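Visitor: Please take a close look at one part of this model, the place where two of its elements meet, and then lead me on to what surrounds it.

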Amino acid sequence: MRLLVLLCALAMPAIAWLSQTGVFGPDQGTISDRYPTLLVAAGYAFSVWGLIFLLDLLYAGWQATGTRRTDPLLGRIAPIAALGFFLTAIWMPLFSAGLFWACVVVIFGALMALAWCAVQLSRAGNAKRYRLAWLALSVHAGWLSLAAFLNVAQTIVAYELLSTTRMLGWSLALWAISAVVLLVLNLRMRGNIAYLAIALWGLFAVWFKQTEWPLTGAVTSAWVALGIGVVLAIQTAVLQLRLRHR
């Protein structure tokens, strides 16, 4: 199972490279531009995948060597982490192929798998003991917590499930749900700094994009994204203070 984690971690950057070279179809940026939404982030935000892949590879190699091979917690999360990596990898060719419904199912599956791992690693004492695993899986889960809802928004636009000219109403509903997911997961992770950092990266990128976006309601969506980031940061600070005073 430890080898499977490593293989799936290796598969993610390999498939990402193939996706960007057009092996599976148009690259993600090209497809994303076809379906503009009020939740899309600035292009620079997606460079974070390089960091995510690097951390996941380091974690995958680390957990497969030395005494970590027999560690009970790392053994328990290994199959779930491998599942999260596998789902992340297959999402990319599915998106290039325009299979948006499948993408939504896959990305939420990846989010649930990696968030579960991050929660286990955020319990008392685990974050320090398993620092590399905690960092890698928290960052990955944090980005997916936003990316999943960006994916939903693009699916709505692609299939014209709701208005594509007046998007603010349903976009605010998606923001509300995403805020609940972010806050609940952060609470379960006891105010996870890594999770917060990557979420703020994504939320600020949405703010940056939407303030210059010509779509109706874009400015409102931009400030909602920033507001969620502020609330998440305050929650994290409060949770961290509580932990220090225990």
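Guide: Helix 3 (residues 48-63) and helix 7 pack at an angle of about 145°, and their axes are 9 Å apart. The model is predicted, and local features need pLDDT of at least 70, side-chain atom pairs count only at pLDDT 80 or more, while totals for chains, interfaces and linings use all residues. Residues are numbered from 1 along each chain as its sequence is written, and side-chain values use heavy atoms, with hydrogens and water left out.

Some terms are needed here. Helices are DSSP runs (H or I, at least four residues) numbered from the N terminus. Axes are lines fitted to C-alpha atoms, for helices over the stretch in contact, and angles run from 0 to 180 degrees between N-to-C directions. Helix 3 passes helix 7 in a left-handed crossing; in such a crossing the near helix is turned anticlockwise from the far one by less than a right angle. On the side of helix 3, the contact (heavy atoms within 4.5 Å) includes Val48, Trp49, Ile52 and Trp62. Helix 7 contributes, among others, Leu132, His140, Trp143 and Leu144. The residues of this contact divide into 15 nonpolar, one polar and one charged. In this grouping Ala, Val, Leu, Ile, Met, Phe, Trp, Tyr, Cys and Pro count as nonpolar, Asp, Glu, Lys and Arg as charged, and the others, Gly among them, as polar.

Tryptophan 101 lies in helix 5 (residues 100-121) and tyrosine 159 in the loop between helix 7 (131-158) and helix 8 (168-188). Rings of Phe, Tyr and Trp (its six-membered ring) pair if their centres lie within 6.5 Å; planes under 30 degrees apart count as stacked, over 60 as edge-to-face and the rest as tilted. By this rule the model has 13 aromatic pairs. One of them joins tryptophan 101 and tyrosine 159, a stacked pair with 5.9 Å from centre to centre and 10° between the planes. Because the two residues lie in these elements, the pair ties together parts that are 58 residues apart in sequence. Tryptophan 101 is partly exposed, with a relative accessible area of 48%, and tyrosine 159 is also partly exposed, at 37%. The terms rest on relative accessible area: buried means under 20%, exposed over 50%, and partly exposed in between (1.4 Å probe, protein chains only).

Glutamate 160 occupies the loop between helix 7 and helix 8. Glutamate 160 is exposed, with a relative accessible area of 60%. Its phi is near 50°, a positive value in a residue other than glycine. Most residues other than glycine have a negative phi. Arginine 190 likewise has a positive phi, near 65°. Arginine 190 belongs to the loop between helix 8 and helix 9 (193-210) and is partly exposed, with a relative accessible area of 27%.

Serine 221, in helix 10 (residues 218-244), is buried, with a relative accessible area of 0%. Leaving aside neighbours within four places in sequence, serine 221 is in contact with Leu38, Leu168, Trp175 and Gln210.
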